[in-house]
Amino acid sequence: MIKGFLFDLDGVIVDTAKYHFLAWKRLADELSIPFSENDNERLKGVSRMRSLDIILELGNLNLSSEVKEKLAAKKNSWYVDYITKMTPDEILPGALEFIQDAKDKNIKIGLGSASKNAMTILERLNITGYFDAIISGNEVSNAKPDPEVFLKGAEALGLEPEECVVFEDAAAGVEAAINGKMKCVGIGTKKVLGQADIVVEGLKVICTNDVLNALGIDFKYK
Ligand code: BG6
Ligand code: MG
């Protein structure tokens with residue numbers, strides 16, 4: 001029985017990858033490290049510090065943790081400048097309709113995001129009230145593919161992991177769902193998210209019943 005849906009934020013509900021890219025690119029330029037949009041793909045779903053490590057690896061740079069903390073804070077301040085200007089029209093097509101359809105069917109809604117800025121983004125988009133539980137990068141110590149963020153999400157919803165379906169756009173997030181023994185809907189391409197139970201191009205092309213049917217779950221809602 002499925003009783004909860006757990007959503008990743010960046011790339012599932014909103015496209016923040018472009019803002020992460022602009023902020024990381026500015027930092028990479030300052031450090032004279034070549035960094036392309038293609039490289040940016042590797043940062044999806046990955047924590048802030050791991051993202052910085054990937055960029056420093058691209059430039060063969062070895063820095064102390066003190067310097068790294070400062071660089072990550074600098075990138076974050078630029079990123080925050082972008083996201084504090086976001087508006088609700090940046091919500092990805094179909095995301096809110098999909099969540100509302102699930103809520104209408106008494107499915108609990110949780111957020112499981114690696115981002116420490118998740119609350120700021122939800123508030124800017126004016127959608128905080130849709131969520132029964134919110135777990136962000138501030139509440140977890142182990143980044144995806146560790147299942148911690150989704151396990152805490154399930155717990156906050158008062159559900160067992162097996163009762164939840166995860167929606168993820170990053171390979172690390174799909175792995176996290178699998179590691180947490182949860183079903184997973186990949187948002188993106190099969191090439192990247194092949195391990196997910198089903199993969200769709202976006203929330204706009206599905207509804208709750210499609211997901212449960214595709215997962216072979218017999219679901220009777222009130
Ligand atoms: C994830 C993004 O949701 O959050 C990653 O996909 C990002 O690209 C991570 O690095 C951490 O975000 P933040 O906002 O805490 O720097
Ligand atoms: Mg994501």
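Reply: In this predicted model, the axes of helix H1 (residues 17-30) and helix H4 (residues 65-83) come within 9 Å and cross at roughly 140° (axes are lines fitted to C-alpha atoms over the stretch in contact, with angles from 0 to 180 degrees between N-to-C directions; helices are DSSP runs, H or I, of at least four residues, numbered from the N terminus). On the H1 side, the residues in contact (heavy atoms within 4.5 Å) are Tyr19, His20, Leu22, Ala23, Trp24, Arg26, Leu27 and Glu30, and they meet Leu71, Lys74, Lys75, Trp78, Tyr79, Tyr82 and Ile83 of H4. Of the residues in this contact, 10 are nonpolar, 1 is polar and 4 are charged.

Helix H1 also meets helix H3 (residues 48-58), and their axes come within 11 Å and cross at roughly 40°, so that H1 and H3 are oblique to each other. This crossing, too, is right-handed. Trp24, Leu27 and Ala28 of H1 make the contact with Arg48, Ser51, Leu52 and Ile55 of H3, a set that divides into 5 nonpolar, 1 polar and 1 charged.

Residues are numbered from 1 along each chain as its sequence is written. Local features need pLDDT of at least 70, and side-chain atom pairs count only at pLDDT 80 or more.

Note on methods: Chains are lettered from A and ligands numbered from 1 in the order in which they are written. Side-chain values use heavy atoms; hydrogens and water are left out. Helices (H or I, at least four residues) and strands (E, at least two) are DSSP runs, numbered from the N terminus. Ala, Val, Leu, Ile, Met, Phe, Trp, Tyr, Cys and Pro count as nonpolar, Asp, Glu, Lys and Arg as charged, and the others, Gly among them, as polar. Angles under 35 degrees count as roughly parallel, over 145 as roughly antiparallel, 65 to 115 as roughly perpendicular and the rest as oblique. A crossing is left-handed if the near helix is turned anticlockwise from the far one by less than a right angle, and right-handed if clockwise.
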